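Reader: Could you take me carefully through the strand pairing in this model, with the cut-off behind each term that you use?

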Amino acid sequence: MAFDVVVVGAGPAGLAAAIRLKQLAPDATVCVVEKGSEVGAHILSGAVIEPRALDELIPDWRERGAPLHTPATEDQMLYLTATGSYRVPMLGTVMPHMNNHGNYIVSLGEVCRWLGRQAEELGVEIYPGFAAAELLEEDGRIVGVATGDMGITRDGEPGPNHAPGMELRASYTLFGEGCRGSLAKQLMARFGLREGVDPQTYGLGIKELWEIPAARHRPGLVQHSFGWPLDRATYGGSWLYHFGENLVSYGFVVGLDYANTWLSPFDEMQRLKTHPSVRQHLEGGKRLSYGARALSEGGLQSVPRLSFPGGALLGDSAGFLNVPKIKGTHTAMKSGMLAAEAVADALAKGRPAEPRSYTKRVRASWLWTELRDVRNVRPSFAHLGTLGGALYSGFDAMVLRGRAPWTLRHRHADNQVLDDASASPPIAYPKPDNTLTFDRLSSVYLSNTTHEENQPVHLRLRDPARWQSVNWERYRSPESRYCPAAVFEAEDTEAGSASGPRLQINAQNCVHCKTCDIKDPTQNIDWAAPEGGGGPNYPGGM
């Protein structure tokens with residue numbers, strides 16, 4: 001099938017790009033492919049969004065019924081100790097990035113479903129359940145993507161329900177796969193898009209959606225915390241958002257540049273719920289859903305070259321998250337809109353190989369200014385630790401106002417900083433009580449994750465022998481701890497085992513967070529898109 005433009009990914013960036021394209025070039029043919037079973041299926045509820053980009057894209061979104069129903073009315077920032085907490089005062093002055101006045105707490109999945117409907121009304125074709133699995137290249141230019149075959153058996157042969165993938169060809173292909181997209185990763189290597197920029201650094205965000213008693217619900221409350229249970233060398237923190245009908249989004253982010261191989265982001269997230277500042281919000285409630293995803297935290301100095309022959313990178317595929325704000329929806333949407341403007345211009349001017357004006361448009365926009373002004377915040381925590389980073393961030397915001405004459409660098413990729421097991425202090429995590437805290441498998445169950453079990457494993461070891469000699473012998477299987485879905489299990493590890501340690505990969509549990517692709521010490525794990533429609537299925541209407 002041939003189109004003017006193919007968009008990979010029906011997230012905020014991809015849908016904003018598709019809508020903006022049809023606004024500017026109504027006769028252009030635009031197709032969006034989405035690996036989830038439906039638009040929004042891979043996006044768990046509960047996010048604070050800044051409506052700035054939405055105001056620009058669809059000014060009458062309120063009249064059109066956009067699902068932004070809960071205004072943010074109260075901000076709290078807490079520094080936690082093991083038994084107590086300290087309120088960070090003067091939030092708007094000390095941490096202006098965290099001021100959520102004018103923002104909304106939303107179900108982001110519902111926002112994407114609504115954006116999808118707006119796109120379809122403009123004539124955009126959206127194909128959910130189809131995973132873009134292969135780049136199509138001719139004469140050094142990307143000319144589209146191929147979707148993955150359906151019905152391939154585990155041994156790689158066509159099964160009885162086999163249906164071949166389809167080639168979706170286009171003058172321009174826009175990639176909005178989210179963080180660490182499998183095709184974006186290939187594009188960066190193929191066209192050298194990361195040359196001359198800092199390594200990307202990532203966080204792992206783990207999220208739960210709770211329904212709590214009405215008497216405890218405070219719609220509009222936005223609470224963030226940092227400190228305990230993480231040590232002072234590990235970046236991370238939590239959020240609690242009250243929204244909708246007695247719903248609370250609870251989540252925890254750990255920077256994937258942590259060094260202790262025994263650290264488990266999932267277990268850190270669970271034990272934080274036992275802290276009084278979090279427990280009081282969730283106790284007596286019911287956990288409804290669970291999910292996880294990696295976040296691109298490198299900021300401005302880690303943004304790659306944005307365009308290449310035949311297309312461009314959007315949203316978190318390019319790393320446009322504003323880390324101090326803990327927001328990426330508005331920046332993702334703005335990047336999609338700017339890419340659409342560059343592509344519409346290219347379509348009208350003879351369809352040159354590369355939509356080069358995209359980079360110029362980004363650099364001239366508020367998106368670039370916003371990321372420039374906060375560029376030193378995230379690396380300050382890596383250089384100075386939790387308390388030093390917090391103090392520097394306040395100084396940067398209040399005194400320097402983002403105009404520091406220096407730029408702090410990201411010195412290492414996240415996979416390069418893990419300490420050996422023998423040099424890492426062990427961490428004892430409490431057992432789950434199955435009321436407030438839970439294990440991985442019961443959590444994955446709530447994500448409604450499904451995969452066709454007879455398909456090829458979509459988590460691949462480049463060199464299977466390397467796992468025992470490196471991952472086990474040096475690090476004692478860190479993937480069994482950083483994976484939030486119990487995909488990786490080290491088996492036969494007892495002394496005297498006849499077979500020796502081996503890695504069991506439970507690919508059917510995968511919630512598509514991509515952490516394994518990022519944190520593996522030797523980059524031996526490749527995450528590839530499974531059969532279309534596989535993965536989490538987060539419900540709508542929440």
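Author: Two strands count as paired if DSSP finds at least two bridges between them, and the strands themselves are DSSP runs of E with at least two residues, numbered from the N terminus. This is a predicted model, in which local features need pLDDT of at least 70 and side-chain atom pairs count only at pLDDT 80 or more, while totals for chains, interfaces and linings use all residues. Residues are numbered from 1 along each chain as its sequence is written, and side-chain values use heavy atoms, with hydrogens and water left out.

On these terms, strand β22 (residues 488-491) pairs with β23 in the antiparallel sense, over four bridges, and Glu491 stands opposite Arg502 of β23. Strand β23 (residues 502-505) has a covered face, made of Leu503 and Ile505, and an uncovered face, made of Arg502 and Gln504; for accessibility, buried means under 20% relative accessible area, exposed over 50%, and partly exposed in between, with a 1.4 Å probe and protein chains only.

There is also an open sheet of seven strands with mixed pairing, in the order β6-β5-β15-β16-β17-β14-β18. Its edge strands, each pairing on one side only, are β6 (85-87) and β18 (286-296), and the twist averages 20° from one strand to the next, where axes are lines fitted to C-alpha atoms and angles run from 0 to 180 degrees between N-to-C directions. Within this order, strand β5 (residues 74-80) runs parallel to strand β15 (residues 221-227), joined to it by seven bridges, and Glu74 has Leu221 in β15 as its bridge partner.
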